[in-house]
Structures are given as structure tokens and as C-alpha cells.
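Me: I have a structure to go through. Can you take me over a few of its contacts?

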Amino acid sequence: MAGIDGYGVALERSNGDGWERVAEATNVSGPGIEREVYDVTTHDSPGQWEENIFGIKRPGEISVDVNYHPEMHDRFLEDFDTPNPVDYRITWPDGSEWEFQAGLVGFEPEAPHDEHMTAALTFQLSGQPEFSTLES
């Protein structure tokens, strides 16, 4: 199977009535979901093989690099100031969507003298993300 072109990914934020694109994303990575592993190996474990059970799931972080537009990104600073998670969605080029609640935990704008302005955004997810794919 050939790879899929990533062009067209959209970062969106709920405005209460629907979704609106909030940034010109140039790169999206994550979430890096993880799960705790608990070693329950005993002296009686068959064949001296390690035995594990699996515990709490961690939703991870999403990192988004964007073209920075100060007037467009004020809402990110509002999201940074609120203690409550905000509803976000990533729409992938094939139309599948990842909806999640997250807090903005990192916002780093960059303005080089010889290039366009960018910003790196880091979102910490809260709770279970919803991964929906297109039905065939």
C-alpha cells in the first residue's frame, strides 16, 4: 500500500455552534497515546516469562506548527488562560476526524528576520479522544 499525502490537514476549534479552522497548520504530530504497564511477574510465572497487566491510558499531547498570525491567534492565549479543556478537532485529508478536549500548554511564536512568522503549539489532551474514520 502506498503512503497518503498529508496535505489538507485542518486544526479546528469548537465555537459552540460548529467547528472553525483556527490555524494554518504546517505540521501536526500526535497524540502520543500511552498505557501504563504493570509487571505482575512472580516466582511461579510459567517458564520464567514476564507477565503484565495494562492500566491507565494517557491521552498524550498534540504538537502543531502553524503560520503565525497574531490577530488570528489571540484565542490561543485565551485557551492558555482557562483551566478548562477546550474542544478541538483535527480533520485528516481522507475526511476522518479526531475530536479531543485539550488545554494549550505551550505556545512559542518565532519571527526570524529572513522568513515568515511561525508558532509551535502544544496541546495536552484531557480524557478519551474520539477517533472516527470514514466508513467504506
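Reply: Arg13 and Asp79 join their side chains in a salt bridge (2.6 Å, N to O); the term means a side-chain nitrogen of Lys or Arg within 4 Å of a carboxyl oxygen of Asp or Glu. This is a predicted model, where local features need pLDDT of at least 70, side-chain atom pairs count only at pLDDT 80 or more, and totals for chains, interfaces and linings use all residues. Residues are numbered from 1 along each chain as its sequence is written, and side-chain values use heavy atoms, with hydrogens and water left out.

Me: Where do Arg13 and Asp79 sit in the chain?

Reply: Arg13 is in strand β1 (residues 10-14) and Asp79 in helix α1 (residues 74-81), 66 residues apart. Helices (H or I, at least four residues) and strands (E, at least two) are DSSP runs, numbered from the N terminus.

Me: Are Arg13 and Asp79 buried or exposed?

Reply: Both Arg13 and Asp79 are buried. Buried means under 20% relative accessible area, exposed over 50%, partly exposed in between (1.4 Å probe, protein chains only).

Me: How many salt bridges does the structure hold?

Reply: The structure has 4. One of them pairs the side chains of Glu36 and Arg58 (3.0 Å, N to O).

Me: What does the Glu36 and Arg58 pair tie together?

Reply: Glu36 is in strand β3 and Arg58 in strand β4, so the pair ties together parts 22 residues apart in sequence. Glu36 counts as partly exposed because its relative accessibility is 28%, and Arg58 is partly exposed at 41%.
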